[in-house]
Amino acid sequence: MRYYLIAGEASGDLHGANLMKALKERDKQAEFRFFGGDLMLAQGGTLVKHYADMAYMGLVEVIANLPAILRNMKSCKQDIAAWQPDVVILIDFPGFNLKIAEFAKKSGFKVCYYISPKVWVWNQKRVLKIKKMVDHMFCIFPFEVDFYKGWGMDVDYVGNPLLDAIASFKPDAGFLKKNNLSDKKIIGLLPGSRVQEIKNLLPVMIDVAKRFTDYQFVIAGAPSFNLSFYTQFLDGKNIPVLFSATYDILTHADAAIVASGTATLETALFNVPQVVVYKGSPLTIALARFVAKIKYAALVNIIMDDEVVKELIQEFCTPEIVGAELDKILNDKPYRNNMLANYDELDKRMGEPGASAKTAGLIVKYLSKK
């Protein structure tokens with residue numbers, strides 16, 4: 001069968017790659033065409049557009065790049081129509097993918113959505129449109145099943161694909177030596193995978209690093225950027241930027257400063273105490289605070305329905321405040337241990353690996369019934 005997948009950011013590329021691998025195990029004739037990244041490309045098929053050319057976050061940023069977004073959307077629709085896939089598989093990335101879902105459904109294609117749009121955050125009535133556009137929704141958080149059911153939509157809960165990625169990860173035994181890292185304790189800096197995120201957050205992280213001379217800081221570089229992009233923010237400080245090494249960094253980290261997003265959950269699953277940060281345009285943040293239907297921004301806190309990790313957003317995302325919180329998780333043992341105890345409970349709630357395999361099995365099963 002022909003599978004057309006659309007992922008618009010680094011996390012989607014990871015989950016898309018794992019899903020493709022699982023689909024190939026169940027469908028030996030599988031053909032892939034996709035919007036995604038290097039990890040998906042490694043699974044075979046044709047990469048139509050790299051996510052690095054698509055990832056814009058925030059209202060102001062989206063408006064500024066609207067012509068490029070519309071061009072990408074148009075070319076995607078044309079490519080789907082020309083290739084005639086058996087199914088269009090959308091992976092998160094709702095601003096783009098819900099428009100593609102509407103087009104694909106009207107054009108007569110089967111539509112599967114893997115990793116639900118976070119419609120529970122704001123404008124929850126979007127579920128009514130999703131019911132019309134999406135044939136099968138595969139959710140990765142347990143609470144989403146009840147949420148959708150409340151709107152009259154049945155969905156499949158498949159577990160969380162991050163558990164698959166972490167379970168299959170094999171640490172590099174020579175990681176420290178290979179990257180010339182010292183015996184100082186490591187603090188990971190995870191500034192995100194989008195241009196705007198990195199520009200807003202990395203300077204704050206670098207400023208914090210100057211205050212903790214007894215530690216070595218390591219930046220998790222997004223594979224869609226090169227070293228020179230990061231160097232401009234280092235302010236002369238010798239902080240290594242390591243690409244495609246986030247899990248190795250977390251394996252060795254004593255703590256981390258993390259951009260709000262999927263990486264906060266990954267950091268928690270690696271049992272690394274963290275400070276969650278985020279900065280955006282004032283208009284975007286103000287709008288988000290006005291319309292949000294949830295109490296927290298970090299996935300760890302949303303899943304636990306409690307402030308397990310400190311969220312320092314916008315005006316609270318300063319070197320002084322972030323540094324104070326980092327000092328607390330490094331040196332206040334009861335505070336640190338409480339965070340780690342909450343991580344243990346988080347592990348239990350997340351369940352076992354297998355999301356990619358389960359989703360692939362359900363997709364093939366549903367398609368075989370058409």
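Mentor: Let us begin with a definition: a residue counts as buried when its relative accessible area is under 20%. Please also note that this is a predicted model.

Trainee: What share of the 370 residues in the chain is buried, then?
Mentor: Buried residues account for 54% of the 370.

Trainee: Why does the radius of gyration agree with a compact globule?
Mentor: For 370 residues, a compact globule would have a value near 21 Å; the chain has 20 Å, so the two agree. The C-alpha trace spans about 60 × 40 × 40 Å along its principal axes.

Trainee: Changing topic, how many helices and strands are there?
Mentor: The chain contains 18 helices and 13 strands.

Trainee: In what order do the six strands of the open sheet lie?
Mentor: The order is 10-9-8-11-12-13, with parallel pairing. Strand 10 (241–243) and strand 13 (310–313) are the edge strands, each pairing on one side only. From one strand to the next, the twist averages 25°.

Trainee: How many bridges join strand 12 and strand 13?
Mentor: Four bridges join them in the parallel sense, strand 12 covering residues 274–278. Val 275 has Lys 310 of strand 13 as its bridge partner.

Trainee: Which strands does helix 10 lie across?
Mentor: Helix 10 (residues 195–209) lies across strand 8 (186–190), strand 9 (216–221), strand 11 (253–259) and strand 12. The helix runs at about 145° to strand 11.

Conventions:
Residues are numbered from 1 along each chain as its sequence is written. This is a predicted model: local features need pLDDT of at least 70, side-chain atom pairs count only at pLDDT 80 or more; totals for chains, interfaces and linings use all residues. Side-chain values use heavy atoms; hydrogens and water are left out. Two strands pair if DSSP finds at least two bridges between them. Helices (H or I, at least four residues) and strands (E, at least two) are DSSP runs, numbered from the N terminus. Axes are lines fitted to C-alpha atoms, for helices over the stretch in contact, and angles run from 0 to 180 degrees between N-to-C directions. Contact means heavy atoms within 4.5 Å. The radius of gyration is taken over C-alpha atoms; the globule rule is 2.2 Å times the number of residues to the power 0.38. Buried means under 20% relative accessible area, exposed over 50%, partly exposed in between (1.4 Å probe, protein chains only).
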